[in-house]
Amino acid sequence: MNGPQDLGGQMGFGPVAPEMDEPYFHAEWEKRALGVTLAAGAMGAWNIDESRHARESLHPADYYASSYYQIWIKALEVLLKRHGFITQSDLTAGKAVDPAATPKRLLKAADVPAVLAKGGPCDRPVAAPARFRTGDRVRTKNFNPTGHTRLPRYARGKNGTIEAVRDGFVFPDSNAHGKGENPQWVYTVVFDGAEIWGEGADPTLAVSIDAWESYLEPA
């Protein structure tokens with residue numbers, strides 16, 4: 001979606017200023033925010049794409065005023081309410097006051113290391129052969145969905161070259177909305193600077209993205 005998170009190429013937000021030797025957490029509560037989010041996700045009510053969409057769907061003013069883990073927690077509230085684990089009354093009271101849905105599973109403390117080590121692989125087999133090959137010229141589609149997508153705004157409607165054919169992966173645009181995994185081939189597509197940034201772009205610049213097959217058409 002064209003949400004507040006899609007900032008690639010947008011002006012007015014200042015330079016990217018990486019923090020040298022940045023710690024994993026800037027406050028103790030952030031550790032708990034990460035733990036609660038992972039434990040809640042392990043209940044099996046939603047997938048990673050739905051959780052990303054919940055963050056993207058925050059109001060822009062709220063999103064930009066929030067730190068990284070504040071965004072996580074605000075989106076987690078949305079997901080927990082959506083799937084019946086908490087209500088607004090619970091949040092207002094600061095404790096459980098209403099009946100809650102039963103989770104599919106629970107993440108136990110003893111299982112955390114193994115679960116984190118396993119991760120959440122999203123590679124899947126695709127029945128059809130890859131439509132494109134390395135070296136093919138392609139054009140990204142120009143669309144503005146209201147739902148989740150991994151095609152950034154700055155790379156829509158642009159001509160590029162297939163640099164690599166990856167494997168099949170879960171299609172996030174459908175997976176975020178309960179419409180199935182629908183795996184597709186993923187390609188690394190490279191664009192030159194002028195194609196992305198236009199006149200005056202650094203001629204030595206190249207930008208690459210990983211794009212699902214349905215984002216692409218022959219140039």
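Two strands are said to pair if DSSP finds at least two bridges between them, and strands themselves are DSSP runs (E, at least two residues) numbered from the N terminus. The structure examined here is a predicted model, in which local features need pLDDT of at least 70, side-chain atom pairs count only at pLDDT 80 or more, and totals for chains, interfaces and linings use all residues. Residues are numbered from 1 along each chain as its sequence is written, and side-chain values use heavy atoms, with hydrogens and water left out.

The sheet is open and is formed by five strands in the order 4-3-2-1-5, with antiparallel pairing. Its edges are strand 4 (206-212) and strand 5, each of which pairs on one side only. On average, neighbouring strands of this sheet are turned by 40° against each other, direction ignored; the axes behind this angle are lines fitted to C-alpha atoms.

With strand 2 (residues 159-169) it pairs in the antiparallel sense over three bridges, and Val 138 stands opposite Gly 160 of strand 2. Three bridges also join strand 1 to strand 5 (residues 216-218), again antiparallel; here Val 138 stands opposite Pro 218.

In a regular strand the side chains alternate between the two faces of the sheet. In strand 1, Val 138 and Thr 140 make up the covered face, whereas Arg 137 and Arg 139 lie on the uncovered one.

Strand 2 continues the sheet towards strand 3 (residues 184-192), to which six bridges join it in an antiparallel arrangement. Within this part of the sheet, Gly 168 stands opposite Trp 185 in strand 3.

How values were computed: Buried means under 20% relative accessible area, exposed over 50%, partly exposed in between (1.4 Å probe, protein chains only). Helices (H or I, at least four residues) and strands (E, at least two) are DSSP runs, numbered from the N terminus. Axes are lines fitted to C-alpha atoms, for helices over the stretch in contact, and angles run from 0 to 180 degrees between N-to-C directions.
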